[in-house]
Every structure is written in C-alpha cells, then in structure tokens.
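Here are my notes for you to read alongside the model. Have the viewer open and click along as you go.

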Amino acid sequence: FTNLDKVIWENPLIHKEGLLSYLCEMSSYMLPFLRERILTTIRYPNGIKGESFFQKNCPDYAPSFIQTIEKEGTHFIVCDDISTLLWLGNQLAVEFHIPFQTIHEESPLEIVFDLDPPSRAHFSLAIKAAVEMKRIFDGLGIVSFPKLSGSKGIQIHIPISNLPLSYSDTRIFTSFISNYLIEQFPDDFTIERFKKNRGGRLYIDYVQHAEGKTLICPYSTRGKEDATVAAPLYWDEVNDNLKIETFNIPFVLNRMEKIKCPMENYFEHNNSSLMDIIFTLKEKNNYRN
C-alpha cells in the first residue's frame with residue numbers, strides 16, 4: 001500500500017488508509033455482489049476534489065493475482081477476493097459498478113429499480129416511490145431490498161437468481177410497475193429520459209436494467225464530498241427521517257458493528273412468483289415497453 005496519508009475526503013476527513021480500512025471491514029458484505037461479475041470502477045487519483053475517470057480495462061501493471069475476463073476487446077477485472085478489492089482501493093478506485101449478471105450467464109441475477117429524484121432536496125420523492133413499490137411488491141408476494149444510491153436516490157433490488165428470465169422478460173415487469181406508478185402519481189414520478197422534460201419529478205429508471213448496463217455495488221463508497229455510501233437499508237428505515245448524508249463511511253462502519261446486513265441471504269431468494277406475473281402480463285398484453 002502506498003501514500004496512506006493522502007487525503008481522499010476532507011469532511012469527514014478520510015485518508016487513503018481510511019478508504020482501505022473501510023474496504024477491508026466491508027469486504028464480506030461487498031464481495032458476494034462483486035464476485036464473478038465484470039467490474040467498472042471510478043478512480044480518484046488525487047482525492048474526491050480532483051479529476052476522476054472510469055476504468056474498465058485492467059492496467060498492464062496489475063499484479064498476477066488479479067483475475068480478468070476479456071469481453072469485446074476489454075479485459076475487465078473480476079473482483080472475487082479481498083486481495084483484489086484492496087489492490088483496487090490502493091489504486092484509489094472509489095466507486096465499484098457491476099452488471100446485473102455474472103460472467104457465466106447472459107440472464108440477470110436481479111432486477112433493480114433506480115429511483116432518481118432531481119436532487120437531494122427532492123429525496124422525499126424517492127422515499128415515496130420506494131414505499132409505494134414496497135406496497136405493490138408485498139401484494140404480489142415479491143421480496144425486495146432497498147438501498148441508498150449514495151448519491152441522491154434509492155434503488156430497489158429484487159433477487160431472481162436461478163429463474164429462467166431474460167432481460168426482455170424483466171423489462172415487461174419493470175415497464176409495467178413504472179407505468180402503473182406514474183398513472184397513480186403523475187405529478188411526482190416520470191419515465192421521461194430527458195432531464196429538461198421531467199419538471200421536478202422523480203425519474204423511475206427501469207431502462208438502466210439491461211444487458212451491458214451497470215449499477216453501484218452495495219456498500220460501495222461514492223465520489224461525493226460527504227463520503228456517502230451505497231448503503232443497504234431495512235424497509236422500516238425508509239421513512240421521512242431517512243437522510244442520504246447520514247450514511248457516510250464512519251456511520252456505516254459503526255452501524256455494521258451493531259446490526260446484521262439488511263441484504264443478508266439476498267441470493268437465497270429467487271421470487272419465483274415473478275414467473276407467473278410476467279407470463280400473465282404477456283398474455284394480457286397490458287404493458288408498454
């Protein structure tokens with residue numbers, strides 16, 4: 001490890017050593033989501049206030065223990081162990097973005113809705129959307145897991161491991177849910193892709209759930225000045241008291257000493273009821289792509 005005293009975040013004050021310590025402490029929670037998935041990182045070589053860049057291709061100077069897989073000419077890193085995770089941290093990879101499927105599969109392991117308000121000042125819209133989604137999913141017998149994006153919104157994860165569902169199949173479901181919510185709350189939510197046309201409404205991003213797209217990994221740090229984390233939540237925490245800025249690196253470290261991970265046993269759920277739901281939507285043809 002090098003340059004351990006380099007300042008990465010100023011408030012709260014976190015040096016590179018602190019980032020590496022966080023990754024070490026959170027490795028048992030992050031690795032189940034990173035394992036066997038190609039990785040895109042965002043690196044901040046001079047700290048959060050400096051320039052950043054996306055990195056997909058494994059650099060030539062990577063040590064021999066770094067596992068890679070080649071896809072369309074890019075040699076992606078696959079982060080299967082703590083050694084790789086900490087090496088990436090030493091390269092000042094601050095954000096860890098993953099696809100929805102493993103390197104062995106073409107089908108998704110999970111469905112994720114990204115609830116993206118215009119700004120943190122509109123975070124209450126993300127809370128409202130999440131609570132409404134929870135009500136729908138409970139009624140359909142679907143187990144779901146909320147997570148802070150660490151930026152300005154909330155993401156809802158639905159595990160579907162071992163279900164024979166393609167991205168086309170899941171799009172039928174995500175489109176239906178998104179359009180249903182917009183019909184119920186047209187002044188609050190939208191699926192309008194152009195920001196200038198959203199008019200202060202929350203964007204329900206279901207298009208992002210597709211092959212080749214990525215999402216922030218649970219417990220990943222974010223390149224934000226307040227050192228926020230993409231922290232999984234319990235559903236009873238999704239209420240009007242929830243604040244993104246609370247869940248920064250020091251808070252999450254302290255939190256995980258006291259509670260179990262809200263996404264514990266995540267991959268043990270497969271939400272098999274989705275098979276009948278999607279089949280019914282196909283039969284009735286009452287959805288819009």
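Predicted model: local features only at pLDDT ≥ 70, side-chain atom pairs only at ≥ 80, totals over all residues.

1. Residues are numbered from 1 along each chain as its sequence is written, and side-chain values use heavy atoms, with hydrogens and water left out.

2. Look for E105 in the loop between β7 (93-98) and β8 (110-116); helices (H or I, at least four residues) and strands (E, at least two) are DSSP runs, numbered from the N terminus.

3. How many salt bridges are there (a side-chain nitrogen of Lys or Arg within 4 Å of a carboxyl oxygen of Asp or Glu)? The count is 10. One of them pairs K49 with E10, with the closest N and O atoms 3.1 Å apart. K49 sits in the loop between β3 (38-43) and β4 (53-55) and E10 in strand β1 (residues 7-10), so this pair ties together parts 39 residues apart in sequence. Both K49 and E10 are exposed.

4. What about disulfides, meaning pairs of cysteine sulfur atoms within 2.5 Å? The whole structure has zero. Take C58: its sulfur is 11 Å from the closest cysteine sulfur, in C79, which is too far for a bond. C79 is in no disulfide either, as its nearest cysteine sulfur, in C217, is 8.6 Å away.

Definitions and conventions:
Disulfide = S-S within 2.5 Å. Buried < 20%, exposed > 50% of the residue type's maximum accessible area, 1.4 Å probe, protein only.
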